[in-house]
Amino acid sequence: MAYGPSIRVSDDGGQNWTQIAEGPRYPEESGFALNRVWQIVPGHPSERDILYAGVDEAGLFVSRDKGATWTELASLTSHPTRSDWFPGAGGLCLHTILIHPDNPRRMWVGISAVGVFRTDDGGETWRTCNEGLARVPVGTPHPEVGYCVHKMVLDPDDPDTLYMQYHQGVFQSNDGAETWFPIEDGLPGDRISTELGAPFGFPIVISRSGDCFLVPLESSDQRTMRDGRLLVYGRRRGSDRWEPVGDVVPDEPRHVNVLRDAMTVDSLEPYGVYFGTTSGEVFCSIDGGVGWDRLPGQYGRILCVKPWIQEGEYAA
Amino acid sequence: MPLEVRIPPMLRDCASGQTRFSITANTLEEALRRLFETYPLLRVHLYDETQRLRQHVLIFFNGESVAWLDRLDIPVRTGDQLTILQAVSGG
């Protein structure tokens, strides 16, 4: 679990948490400050002791001893474009880390509001991968950065295919993020219309069977559900169109947001879809988004929802 | 001279489960140094790598923010308190 700039570990199912003494930390001489840990993901299945952490101020850390000690992959923060990295509203955060399922040396990271970077040599070198994404020209010397990626997922059957909820639209890449194209048929919003704007939201998730889900918001200016309707949209495998798959609370308006890590899919079949709102409610569908229930409890702002399967039962 | 230290409950696991405890020091500067020597896990929550006090953290010495003090070699006297506050947020 990330808590501010620290990482905490529980070995009793979350009852008690202990802070890692040698957590991610920039070298003092780097001049960077680690403000928050945003993302912790396991390494490739062939490297079971490895964990990665994405942080704000943007950078990537690796642990090769199951999280006991951490080292910065400084090749990313020493990228030639680093002087042109500027934060989005949520900060200068590295919020997404994806690892190629067949090649542990290929990884992608997403940084707001900088863009996508890919390494093909285990993090020794990085290249920008933002061609095709919409960008507001800001006149900085490096036009290859300045892209506000919100969340990104990898296709479970084709690791050259990625899907992205972007600040200005929803995109797909079929070539390992070399190029991106919009996939917005059926979504509210319109990238041509200045009034509506391109489809805006934060999370995007994908099931093992390749179904994608996201939660469109009103707009970049108004970051709540469109017309107060808590609508989840799905794009099923084989379809090229998004459809509203669940009007989660049809009888009550919910003028809320769903943050980028507050939505997830489990690995069961049929799979479950889960998300939490900024007003502290958690909703789930155990049939792939067809029917929805509100889970018991009212919480604070939901930052992250994770499912895990535990001896015949599951919890989120 | 003993100085009473108060920390937010969310950080108690960095201080052996305590939210109030004593540090013995002759000056405020020494008190801060001893605080982090005794409870090193606290430091990352209060200061970043550039040794700057984190934006969402306030450290009060007897009700005065240490960020506004010109010097830290202030003598510690009986009854002095060091209070650490942090704003909790997320996104």
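Okay, let's start with the core: the largest nonpolar one here has 81 residues, and A:Met164 and A:Met263 have the most contacts inside it. By nonpolar core I mean buried Ala, Val, Leu, Ile, Met, Phe, Trp, Tyr and Cys residues joined through C-beta atoms within 7 Å, where buried is 20 or more other C-beta atoms within 10 Å of the residue's own, with C-beta atoms placed from the backbone. Strand 8 of chain A, residues 93-99, gives the largest share, five residues; strands are DSSP E runs of at least two, helices H or I runs of at least four, numbered from the N terminus. Both domain 1 (1-183) and domain 2 (194-316) of chain A give residues to this core, so it lies between them; those bounds come from an automatic or database domain assignment.

Quick caveat: this is a predicted model, so local features need pLDDT of at least 70 and side-chain atom pairs 80 or more, while totals for chains, interfaces and linings use all residues. Residues count from 1 along each chain as its sequence is written, and chains are lettered from A in the order written.

Now chain B. A second, separate core of 16 residues includes B:Leu3, B:Val5, B:Ile23 and B:Ile59. In helix 1 of chain B, residues 28-38, the buried ones are B:Leu28, B:Ala31, B:Leu32 and B:Leu35. Why the same side of the helix? They cover an arc of only 100° around the axis, taking directions from the axis to the C-beta atoms. Among what covers them are strand 1 (2-6) and strand 5 (81-86) of chain B.

Last, the interface: 11 residues of chain B are in contact with 19 of chain A, contact being C-beta atoms, placed from the backbone, within 7 Å.

Definitions and conventions. Two residues are in contact if their C-beta atoms, placed from the backbone, lie within 7 Å. A residue is buried if 20 or more other C-beta atoms lie within 10 Å of its own, exposed if 12 or fewer, and partly exposed in between; C-beta atoms are placed from the backbone.
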